[in-house]
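Thanks for asking me to look this one over. Here are my notes, point by point, to read with the model open beside you.

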Amino acid sequence: MIKKHLIYLLILISSVSFGQEKSLLAKDVTISLGAGKNKFFEKREFAVAVPIELPSTIIVGLNDQFEFGVEYAPILFNDRSSSDFQGLDSTRNHFGGNLQSFNAILQYSLNNNYRFNGYLQATGGYSMLHKKRWIVGDLNEVIGEGHNWSIGCGARYQLGNMYDDVFPWFFDFSLVYTRYNLEITDFLIENIQQPKVNSTWDPLNFGAVDVVLRIGYRFRKK
């Protein structure tokens, strides 16, 4: 009888350790909130902007390798105009606005153990631009929309303790290249639409590198 109970105990322990071997399992649901910095390339329109990204995601595990989900990723344009405009203290020179994206996400796990998950990522979706810039006191607004796609990589680390208990909380770090292709739908100066011969109406097609740190929570059925 003791030998039989010992066998059952060993089976239970082995099954628990096996369950801990996977950071991602099918039907796992993860939610996360993040903050990051963006570097835009190719377009001088953003030369005095300091983009700050605040993404939120919901992702579901399809199996122990693939995840699929959705992301809302607003980018807020902070300002560094004071370092670019000199001797104009009596007038306003400021950069503001936002670039919002609504994306689908597909992630593939490169490795998947009970505490660490490295992955490749591909996303794509719809973007809306509302760029505001005050130049010598005049408000210039550029409004547009289009699509984006991105590829990148990342790492997810599950929190735990010294006894190898794994908590549902995790940290996530990603490095992503994103391509934006936007059509301009409106160009206003002081609420007056400008003629379409102005080069500001030209499409905005540019790339960006995004570095994002997230904190998230994993829901797993037991």
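1. Let's start with Leu-129. Setting aside neighbours within four places in sequence, Leu-129 is in contact with Phe-46, Phe-77, Asn-98, Leu-99, Val-142, Ile-143, Gly-144, Leu-182 and Leu-204; contact means heavy atoms within 4.5 Å.

2. A word on how to read all this. The model is predicted, so local features need pLDDT of at least 70 and side-chain atom pairs count only at pLDDT 80 or more, while totals for chains, interfaces and linings use all residues. Residues are numbered from 1 along each chain as its sequence is written, and side-chain values use heavy atoms, with hydrogens and water left out.

3. Buried means under 20% relative accessible area, exposed over 50%, and partly exposed in between (1.4 Å probe, protein chains only). Strands are DSSP runs (E, at least two residues), numbered from the N terminus.

4. Next, the pairing. β5 and β6 (residues 116–135) run antiparallel over 18 bridges, and two strands count as paired if DSSP finds at least two bridges between them. A hairpin with 3 residues connects β5 to β6, and Leu-99 stands opposite Leu-129 of β6. β6 is also antiparallel to β7 (residues 138–160), with 20 bridges. The hairpin of β6 and β7 has 2 residues between the strands, and Val-136 there takes a positive phi near 50°.

5. Do look at Pro-51, in strand β2 (residues 49–53). Pro-51 counts as buried because its relative accessible area is 6%. Beyond four places in sequence, Pro-51 touches Gly-36, Lys-37, Asn-38, Phe-40, Ile-75, Leu-76 and Phe-77.

6. Which residues pair up by charge? Arg-156 meets Glu-67 in a salt bridge (3.2 Å, N to O), linking β7 to β4 across 89 residues. A salt bridge is a side-chain nitrogen of Lys or Arg within 4 Å of a carboxyl oxygen of Asp or Glu. Arg-156 counts as buried because its relative accessibility is 2%, and Glu-67 is buried too, at 1%. Asp-172 forms a salt bridge with Arg-156 at 3.8 Å, and Arg-214 forms one with Asp-172 at 3.9 Å. Both Arg-214 and Asp-172 are buried. Through shared partners, Glu-67, Glu-71, Arg-156, Asp-172 and Arg-214 join into one network. The structure holds 6 salt bridges.

7. Finally, the surface. Phe-167, Trp-169, Phe-171, Phe-173, Leu-175, Val-211, Leu-213 and Ile-215 make a nonpolar patch of about 730 Å². Patch residues have over 30% relative accessible area and no salt bridge; like charges are joined within 9 Å and nonpolar side chains (Val, Leu, Ile, Met, Phe, Trp, Tyr) within 5 Å. Areas come from the Shrake-Rupley method with a 1.4 Å probe, and for residues only the protein chains shown count as cover. β8 gives the largest share of the patch, 5 residues. Trp-169 lies in β8 and is partly exposed, at 44%.

Definitions and conventions
Helices (H or I, at least four residues) and strands (E, at least two) are DSSP runs, numbered from the N terminus.
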